[in-house]
Amino acid sequence: MRKFKRLMSVLMSAIFAFSFCLVWDKGKVEVKAATAADTVLTEFLNSGYDFSDGTTIYDGSDEHNYFQMSGRRYYQGMTFDNYNSCVSFDVENYSKISFDLGHVDNSGLYDFTLSIYRDGNLYREVNYSLFDMCKKIEINLSGISELKLEIPADYGIKAIGDICLDENAPSITHSTPVYENEEFLYSWYDKSGVEIYDGLDDSNYFQMNGSNYYQGITFNKYNAYATLNVENVDNITFCIGHIDNTDSRNRSLRIYLDNNFYYTLDSKFDDEVKAYKIDTSDVSIIRFDFSENYCGYGLANLVLDENYDSITDGSYSDKSKIKDIDLLLRKGDIDGNGTINLYDVIAVAKYMMGMITFNSDEMLLADYNEDSKVDLYDAVELAKLIMK
């Protein structure tokens, strides 16, 4: 389990003042004397020419001076805040350069293309989609004199971070967040149409199925979504439901892991509130997306790494009701052989006749129509599948 404990004294007023409060995997970034590599990299960054307006240099010398990409903090690199962004460097003394490419969090979501020129010739184009994780870029500089980076005709703030030249790497590289208690609720980024409830104010809540929920995220508008860095999170659990007294329509929550589609949760406005868990152990970012719908749904009682004790309203008192989405992806494959076949239908039939019992995972796999029970309707649906 990737659980890292960090101690930080945080004033409650600061939580609200900055709208987020994070503990980072480096703890407090240690300010060190500049290394020889730092000196080389700082001189290189400052040697750039033909800068576009709105270019900012970060040399890694100040722990308070950083930018964020994909939920990470970068202390060294460059940001480009211009409709047409570019910079050139003299690189005849270097053989390679590498950096992380992305857009600055909460600066506007736009696809863009980085064009790389070597000695005036187009060498490579890198396409970056609006919800992508930072991309590691490596460029061969052998035999050339000039490198030009250009991002034409795009809005939003773009950035390159953790710039390395040959064997020269910054002494302080990016840091990734480790969350304590409810702090992660303020760490969602690249979000739209959402409202955060931190559970600290008894007068601030939303309602689903007549119950009050004090912690979570509500999706209240068309094109509503939110993104979270989960590089140090093994799993996330949440309850989903329709917000009372909002538009009574069914909606679909699309879940993306590292900008790859993962699963769709179809929610009906009159459904009971349901609990789900997602494995994020091999994931960097997760996105919840209602962007194709006018919305009125909430994710309540979000829990990281099964810290269920932090939720006191009884939502997770019965762990068997928490549906593992990784299992839902295998729905119907009760024997776990990778396919749905006659043996799975027979297993449901035996269960109905009391000949066998199912454990909690098998119950989830056998409940094909997701009505919280295993019966003849599930057997019929499975039979239809194998007859196609």
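Is Tyr110 buried, partly exposed or exposed? I looked this up, bearing in mind that the model is predicted. Tyr110 comes out partly exposed, at a relative accessible area of 41%.

**Aromatic pairs**

I ran the search over the whole structure and got 21 aromatic pairs. I picked out Tyr83 with Tyr155, a tilted pair with 4.8 Å between centres and 55° between planes. This one joins distant parts of the chain, 72 residues apart. I found Tyr83 in the loop between strands E5 (76-80) and E6 (85-90), and Tyr155 in the loop between E11 (146-151) and E12 (158-165).

Tyr83 is partly exposed, with a relative accessible area of 37%. Tyr155 has 52%, and I call Tyr155 exposed because the cut-off for that is over 50%.

Then I went back to Tyr110, which also pairs with Tyr155. That pair is tilted too, at 5.8 Å centre to centre and 50° between the planes. Again distant parts of the chain are linked, here 45 residues apart. Tyr110 sits in the loop between strand E7 (96-103) and strand E8 (112-118).

**A cluster**

I also noted one aromatic cluster made up of Trp188, Phe238, Tyr276 and Phe288.

**Charges over rings**

Which ring does the charged end of Lys148 sit over? I traced it to Tyr117, 5.8 Å from the ring centre. For Lys331, I found the charged end over the ring of Tyr368, with 5.1 Å to the centre.

Conventions. Residues are numbered from 1 along each chain as its sequence is written. This is a predicted model: local features need pLDDT of at least 70, side-chain atom pairs count only at pLDDT 80 or more; totals for chains, interfaces and linings use all residues. Side-chain values use heavy atoms; hydrogens and water are left out. Rings of Phe, Tyr and Trp (its six-membered ring) pair if their centres lie within 6.5 Å; planes under 30 degrees apart count as stacked, over 60 as edge-to-face and the rest as tilted. Helices (H or I, at least four residues) and strands (E, at least two) are DSSP runs, numbered from the N terminus. Buried means under 20% relative accessible area, exposed over 50%, partly exposed in between (1.4 Å probe, protein chains only). A charge sits over a ring if NZ of Lys or CZ of Arg is within 6 Å of the ring centre and within 35 degrees of the ring normal.
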